[in-house]
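User: I'm new to this one and would like a quick walk through it. Can you put it up first?

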Amino acid sequence: MRSRTILIFLLLACLIVSCEKELDIKNLNYKPMIVLNGLIYQDSIIVINVASTKSIIEPDTSITFLENAVVKLYRGDSFMENLVYDSLGFFHSTHRAEDHSEYRIVASAEGMEDAIASFSINSPADFGLRNFNSSIHDTILHIDIPEEADTNLTHISLGFELHFRDDPDKENFYDYSSFDSCYSYGHMSSYYGDSLIEEGYRLHRNSRVGLFFTNQEDAEIFGTNYSMNNGYCQNCFITDEFFSGKELSFELQANFYTTTPDTVDILLYSYPSDYNKYHQSGYRYRNVQDNPFSQPVNIYSNVENGLGLVCGVSCGKQKIAISDEGASLINE
Amino acid sequence: MKKVNLLVFILVPQLILAQKYTISGYIEDATSSESLIGASIYSTDNNRFGATTNAYGFYSITLPAGAVNLTWSYVGYTPVNEAFFLTKDTVINIRLDPVLELEEVVISSRRDPVKDNQMGLIEVPLKTIMKLPVLLGETDIMKSIQMLPGIKGGVEGTSGIYVRGGSPDQNLILIDGVPVYNVNHLFGFFSVFNSDAISNFDVIKGGFPARYGGHLSSVIDVRMKEGNMQEYNTSFNIGLLSSSIMTEGPIIKDKCSFMISGRRSYLDAIAVPAEWIYSLISDDFDKLTAGYFLEDLNAKINYKFSDRDRLFLSFYNGRDKLYATIGELYTDSSGYQEKYSMSWGNQVTALRWNHIFTPRLFANSSLTYSKFHYNIGLTERDMWSYFKSENAAEYKTSINDLAANMDFNFILTPSYTMRWGISGIYHRFNPGISASSFSITSNTVFDTTYGNSLIEALEYSAYMENDIQLGERFSMNIGGRLAAFDIRDTLFISPEPRISFRAMITENFSVKASYSRMKQFVNLLTSTSVGFPTDIWVPSTDIVLPQNSTQYSISTNFNLKDKYDLIIEGYYKKMDNLVEYKDGASLFLNFDNIEVKDAEVWENKITQGEGWSYGVEFLLRKDVGKLNGWLAYTLSWSNRRFDDIDNGEIFPFTYDRRHDLALVLTYKLNDKIDFGLNWVYNTGNAITLATTNFASYNEVNDYTKPQITYRSDGQGYPSFKNYVSYTDYYSHRNNFRMPAYHRLDLAVNFTKEKKHGTRVLSLGLYNAYCHLNPFMIEVLSYYENQEYAGEKVFAYGMFPIIPSISYHFKFK
C-alpha cells in the first residue's frame, strides 16, 4: 500500500513538472548593416535614403537614420560628389542622373561595413496611346473637400489602347501609372489582364488600376481616410519574357469622376531586373507571413555589404486632355 | 584470344565444381518456424567453408564429396551439428531451439560486423528495443534507429530519420519488401511499425548492394512475423496512447500459418469528457465534437507447398484521422454546422513466392501494391440564415505503386554467390487536387475541381551482384543496377555501379570500403520538418530531374575480447538534383499568385540543387552480459546549395549537426527486473530565423503613394517615401543554431510469469531530468511592470518530463 502511494505521488509530481517553459535566447550573432534605398529617374536628382538595420530583439521601434553617414556618388570610376543630408535619412545630389551612365553609391557609417550600390538608367520606353473613346455622363458627384470649396465632379468614361515595342536586346520590366491633375475619384480597369494570361504572358498581378488623385495629403473623402499624394498607383507589372522584341498593346478603360477641364498623365516605367526581383520577393514576403507551411522569404537587395534597393528607372509619359467634349491626346 | 578467355571462363567453374555437392535448405526457429535470417552454416572440419541464410532463411553450401561435419548456428539458439557422408545434392531443413537459460545474457545481432561483407549495415535486436524507454510507452523501431551513428532524428519526439545528410524521402523503407511512403502516425510522433508484428529489421546507410535502389540515403528493411506454424500465440499491450493485440498460429500445422496484429489509439475516447464539459458551458452554436485516432492492421499468411515452394501473403493497413465538428444541425433545414477532417494512411500488400529451382538457385518473386493518401475536407452548412448555404472544400493527394519483382540467388561456389533480379513499378501520382463547391438554397453556385493532374510513370530496374570471397582474408561485392523511369514521354536511364570490399586484417579486425551510386525518381515535397501529411510525393519529370548521389565510405571493424564491437566508419556523400521549395513557395495554404498562369503547377514551386555530407561515425556495442547496449557518436557536416535560394550561396542543411551522441544501455538485474536507459546529446538544428530588421519601402503595396522627386522641367516622378513596417531579414537559410539538444530516458521493466503467460509491466520516464529542448522559437514582445520592455526570442519545448506506463502480456 505504501509503495503504491509513493508511486502515485511520483507520477503526480512528474505531471506537475510537465508544463511548458520558455527559454531566453540572447545571442543572435546580429551584425548591423547599412540600408540604402533609392529609385533614381533620368534627369532627376539622386535621392538615397540611408538607414541602419536593427536586431530583432532591439526594443526601439523607430528607424535609425544614419544622418552622419558619408554617402559618395561616383559615375564610372570618377568621384562626383558627397550627397547632402536632407531629413528623415534622405541624402540628395546636386547632379542630375543621366541616361546610360553607370553610377555607384558608397555609404560609410561608424561600426558598419561600407555599403555599395550600383545603378544605371535606360532610355524611357517609347509608347503611344490610340483608339480613344470617351463619354461624359450626366451624373454629378458632389464632394466636400476639407478646407476648400465644395466641388462637383463630372462622371467620365474613358477608353484607349496603350502600345509599345519592347527592346529585344534587354531584359525589360514595365509598369504604368496615371496621374490626374486635379481631384478625381474612380478607377481604371485594365482589361488586358486576363487576355494576356491566356496568351501566356507572365504578369505580376492581375489588378485594377486605381485612379484616385488629389493634391492633398490625408484628405477625408466619403468618410474614409486615404493617404494621398499626387499619385502613383501600383498596377500591373509586366516582364517581357514572352514578348521580347515585339509590340505589346492593351486596352484600358477608366471610369471616374473629376473636374473639367482636366489632364491625365499616363506613365510607362521601365525597370531593371533588380527591381523586378525586389518587387516579386516583396510580394512573396508578405504572402508567406501567415502561412506556417511556407519557406521564409528575404526581400531582394542589390546593395553590397548592406540591404535595400537602389536602381535606375526610366519613364515615358503621355498626356490626355479631358474636357466637356471628351478626351484627346496632347502632343507636347 | 577472346575465344580462349571465354572457354576458360565457362570451363573453370565446372572444373572447380567437379566432385562437389550442395547442401541447401531453410533454417527456422523450432518453436515458431520463423525463418532465421543470417544464421550460419559451416564445416566444422574446415572453417573455410561457410554460408549464411538469406533474407528468406534459405542457405546453400557446396562441399567436396565425402565425410562432412556441419554445424548450423544462430545466436541465442542451440547449434545443431551433424556428421554424414556427402554423395549427392542434399536438402536439409534445420530447426534451431532457442536457448532458454544462458549463463550470460546474449542479445546479439545476427551478423558479425567484423566478418560480414556488408558495410554500413546496422541491426538492432528487437529484444533490446523492447527494453528501452520510449515516449508514452509506445515502442517504436524508428526512434531506436535514430540513436544509431550517422542517423539523425528530426523534430523531437518524431519518427523522421535523416541518414548521412539525406532527406526523409531518401530512405527506402520496406515492409516485407514493399516500399512504405509515409511512416508517420500522429504527425510523426509515432511510426506505423507495430513492434508486435515485426520479426526483424536491418538498416543500411552505405555500401548499398545492387539489389536495393530508388532512394539515395538508406534502406530500412522491416520484416513482419511469418506466423507460428507450431502453436497459437497471443499477446497484447496496453499503453497510455494506444493498445495492440497480436495473435499467430498454424492454420495447418507445419504447412500454413497466420499472423494478425492490430493497434488503435484512444485519444478520441479521452476527448469525450472534454467535449461534454465544453458543451455544458457553451451555447448550442458552439457544440464541439473533436478527436483523433490512429489504427494499424498487419496480417500475414504463410503457406508451405513443399520444401521447394513457399507462398506469403502479407497486408498492412494504417490510418490516422483528425476530425472536428462545430455546431449542430437539428434538421436538414435548421442549424449551423462546420466539419473539418484530415485523414491519411498507407496500404501495403505483398504476394511473395519463394522457389528453389536447384539446391544452388533460389528465387523470390513478388507482386506488391503500396498506397499512401491523405485527404483534407471542410464543409460548412448554414441553415439558420435566410439563404441556406452549403460550402464544401476538399484536398486530396496520393501515390499508388503496383510492382512486380523477381530476384535470384545463385550460390555458384562457397566463395561465389551471384544475385540478379528485375523489377517493374507502375506509379500513379496525384500531387494534389482540390474540389470546392458552394450552393445557396439548394442551387449550386459553383462546383469545381482544380489543381494538378494525375501523373503516371513506369520504373524498371535490373541488377546483378557478385559476392566473391578472395582467399580467406578478402571478399568483395561487385555489381550494378540499371534503372529506367518513363514519364510523360521522357525516359531517364540510370546506370548505378556498386562496389564493396572487405579485408580481414586479423581474426578480430577488418577494414571495409565501398562505393555506391544511387538515383531517385520520386521526391517528397515537404515544407515542414514535422511529419505532416501535407508532404506530397511527386515524380521526377523533364523539369524536376531525378535526384542522385555518389557515396564513398570506409570502415574499420574491431571485435574486442569477444564482448565489444567497435566500428569506425567515414563517409563522403555528394548529392545532386535535390529538391526544395523555392523561397516562399508551399503547396499547401499557398495563395501566391505571382505567376498567375503557373501558380497551381507544383513543378514551378520547387528548385533543385546539390548537397554534400561527410563525417565519421563511431559505434561501440556490447551484446554480451547483463549490461549491454551501445555508444554511438557522429561527427558530421552537411551542406546544400540551390541556385534559387540565397543567390546560390551554400547553406547548412537543417539537420547539419556537428555532434551526435547516443548512449543506449539495458541492464538485466534478474529474471524479473531489467532496466533501460537512453541518453542523447546533439548539436542544435539549423533553422532560418530572421535576426535582423530593417525598414524597406512599401513599393510593392497596392496603395503606396511614394513621394515625388522633381526633375528639371518641374514634372514629378514617384520615388520611395513611405516605409513599410519593419521587414525581417536572415543572412542565409538555416542561419541560426538551436541550443544543443540533450535528454535522458529511463525505464524499468517488471517481468512476471503468470498462470496463463508472461506479463511485462514497463514504467518509463521520458526526459528524466526535464531539460526543455526547443521545438520552435519565436520573437515576442515582453513586458515588465505592465510596461513594454522590448523584444525577446523565446524557445518552446514540447516534451518536459513525461512518465509512461505500459502493460504487455503474452499468453502461454
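**A walk through chains A and B**

Analyst: Let's start with B:Ala662, which is buried because 23 other C-beta atoms lie within 10 Å (buried takes 20 or more other C-beta atoms within 10 Å of a residue's own, exposed 12 or fewer, and partly exposed falls in between, with C-beta atoms placed from the backbone). Keep in mind that this is a predicted model, where local features need pLDDT of at least 70, side-chain atom pairs count only at pLDDT 80 or more, and totals for chains, interfaces and linings use all residues. Residues are numbered from 1 along each chain as its sequence is written, while chains are lettered from A and ligands numbered from 1 in the order in which they are written.

User: In which strand is the place of B:Ala662?

Analyst: Helices (H or I, at least four residues) and strands (E, at least two) are DSSP runs, numbered from the N terminus. The run that holds B:Ala662 covers residues 659-668 of chain B, and that's strand S39.

User: Leaving aside neighbours within four places in sequence, which residues is B:Ala662 in contact with?

Analyst: Contact here means that two C-beta atoms, placed from the backbone, lie within 7 Å. With neighbours up to four places away left out, B:Ala662 has B:Met147, B:Ala632 and B:Val680.

User: Over how many bridges do S37(B) and S39(B) pair?

Analyst: Strands pair if DSSP finds at least two bridges between them. One of the bridges here links B:Asn628 to B:Thr666 in S39(B). S37(B) and S39(B) run antiparallel, and the bridge count is 9.

User: Which element gives the largest share of the side of domain 1 of chain B that touches domain 2 of chain B?

Analyst: Chain B has domain 1 (2-96) and domain 2 (121-690 + 804-811), with bounds from an automatic or database domain assignment. In all, 23 residues of domain 1 of chain B are in contact with 21 residues of domain 2 of chain B. Helix H1 (2-17), strand S1 (20-29) and strand S4 (58-64) of chain B each give two or more residues to the domain 1 side. The largest share, 4 residues, comes from S4(B).

User: And over in chain A, what percentage of the residues is buried?

Analyst: Chain A has 3 helices and 23 strands. Of its 332 residues, the buried share is 39%.
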